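Here are some exercises to work through with the model open beside you. Try each one yourself before reading the solution.

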Amino acid sequence: MKKNRDLLVGFHVSIAGGFTAAVAYAASLGINSMQIFSKNPRGWSAKPLDRAEALEFRAKRKEAGIKFVMIHTCYLLNLASQDEELRGKSVKALAAELERAELLGADCLNTHVGSCKGCPPEEGIRTVAWSINEAFRLCRNSPVLLLENTSRLRPSIGGSFRDLGAILKLVDDNSRTGICLDTAHAFGAGYDVRSAAGLNSLLKEIDSEIGLLNLRAIHFNDSKAVLGSGIDRHEHLGMGEIGKAGVSLLLKNPKLRDLPFIMETPRSRPEDDRKNLSTVLRLRVFA
Ligand SMILES: [Zn+2]
Ligand SMILES: [Zn+2]
């Protein structure tokens with residue numbers, strides 16, 4: 001079990017100034033974990049990752065004491081698409097993302113499952129699993145692929161851990177998969193993490209559908225949108241609908257103790273990250 005000082009805490013960090021600038025920013029905050037995109041998240045194309053740049057990122061990361069790095073896939077991927085062309089493009093892009101994550105020495109690659117726009121959920125679930133199996137065939141070596149829960153309600157898929165579990169059961173190689181819990185998305189999808197009972201029932205569902213050991217990371221965000229709204233809007237910790245009590249419950253839950261808490265909180269003022277970080281450091285203390 002990790003000591004308090006070794007608990008994993010970090011942010012999604014911009015790569016606008018390059019990979020090493022992202023590490024420098026993380027180091028300036030004093031965090032030991034980070035999430036980045038490995039390319040422009042809003043475009044399909046990417047220039048091939050430069051080997052020297054990737055090696056420099058690995059070296060700088062080590063130097064800065066960053067213990068956990070996750071990469072978030074590009075937003076255009078739709079692993080559930082019923083459109084053959086879009087699905088094919090998404091599979092190739094996922095395989096390329098897996099390769100880039102491997103080269104960068106990341107601990108995991110996080111992705112959304114996509115949507116099948118009105119098709120029956122069972123069909124969407126089967127399609128996502130098929131897409132992941134294909135991408136794994138195209139890229140044999142990679143860090144663990146995490147499926148992130150969404151805030152979307154049925155008939156969309158991915159908002160419940162039952163959906164994510166159903167997808168993972170159809171994936172051939174579960175040694176390569178896990179899940180990431182986004183707290184704002186879970187709240188938007190109707191999981192009431194403001195109470196101990198609500199949080200316990202969420203963790204019970206994850207355990208029975210997927211296995212708590214396969215929960216590998218937390219996207220730690222408060223939510224601007226109300227419980228069960230189906231809306232994904234992140235807010236500063238303690239200032240949203242999850243609020244101070246819910247944020248504190250999540251930070252103090254012993255079952256989540258050893259997981260990286262990565263914030264994707266708004267960054268409109270320069271001091272925002274420090275404020276959210278201080279909330280986490282103040283409350284995430286175990287006896
Ligand atoms: Zn995400
Ligand atoms: Zn997230």
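**Exercise 1. How many salt bridges are there, and which residues are linked in a network?**

Start with the rule: a salt bridge is a side-chain nitrogen of Lys or Arg within 4 Å of a carboxyl oxygen of Asp or Glu. By this rule the count comes to nine salt bridges. A word on the background: side chains of opposite charge can pair when their charged atoms come close.

Before going on, please note that this is a predicted model, in which local features need pLDDT of at least 70 and side-chain atom pairs count only at pLDDT 80 or more, while totals for chains, interfaces and linings use all residues. Residues are numbered from 1 along each chain as its sequence is written, chains are lettered from A and ligands numbered from 1 in the order in which they are written, and side-chain values use heavy atoms, with hydrogens and water left out.

Step 1. Find Arg137 and Asp172, whose closest N and O atoms are 3.8 Å apart. Arg137 lies in helix H4 and Asp172 in the loop between H5 and S6, so this pair ties together parts that are 35 residues apart in sequence. Helices (H or I, at least four residues) and strands (E, at least two) are DSSP runs, numbered from the N terminus.

Step 2. Look for the network: Glu134, Arg137 and Asp172 are linked in it by salt bridges.

Step 3. Check accessibility, where buried means under 20% relative accessible area, exposed over 50%, and partly exposed in between (1.4 Å probe, protein chains only). Arg137 is partly exposed at 42%, and Asp172 is exposed at 59%.

**Exercise 2. Which residues are the protein donors of the zinc ion (ligand 1)?**

Step 1. Collect the donors, meaning N, O and S atoms within 2.8 Å of the metal (3.2 Å for Na, K and Ca); water is not among the atoms, so sites may look incomplete. For ligand 1 they come from His72 (NE2), His112 (NE2) and Glu148 (OE), at 2.1 to 2.2 Å.

Step 2. Write their spacing in sequence: H-x39-H-x35-E.

Step 3. His112 sits in the loop between strand S4 (108-111) and helix H4 (121-138), and Glu148 in strand S5, so the pair ties together parts that are 36 residues apart in sequence. His112 is partly exposed, at 26%, and Glu148 is buried, at 1%.

**Exercise 3. Why is the arrangement around the zinc ion (ligand 2) irregular?**

Step 1. List the protein donors: Glu148 (OE), Asp182 (OD), His219 (ND1) and Glu264 (OE), lying 2.1 to 2.2 Å from the ion.

Step 2. Recall the test. Four donors count as tetrahedral if all angles lie between 85 and 135 degrees; four count as square planar and six as octahedral if opposite donors are over 155 degrees apart and all others between 65 and 115; anything else is irregular.

Step 3. Apply it: the four donor atoms subtend angles of 87 to 175°, which makes the arrangement irregular.

Step 4. Link the two sites. Glu148 bridges both zinc ions, ligand 2 and ligand 1, and these lie 3.4 Å apart. Glu148 in strand S5 (residues 144-148) and Glu264 in the loop between strand S10 (261-263) and helix H9 (272-283) are 116 residues apart. Glu264 is buried, at 17%.

**Exercise 4. What do the buried residues of H4 pack against?**

Step 1. Describe the helix. H4 has 18 residues and reaches 26 Å from its first C-alpha to its last, close to the 26 Å expected at 1.5 Å a residue; the expected span is 1.5 Å times one less than the number of residues.

Step 2. Pick out buried positions, including Ile125, Val128, Ile132 and Phe136.

Step 3. Find their partners by contact (heavy atoms within 4.5 Å). They pack against helix H3 (84-103), S5, helix H5 (161-169) and strand S6 (177-182).

Step 4. Turn to H3, whose buried residues include Val91, Leu94 and Leu98. Their cover includes strand S3 (68-72), S4, H4 and S5.
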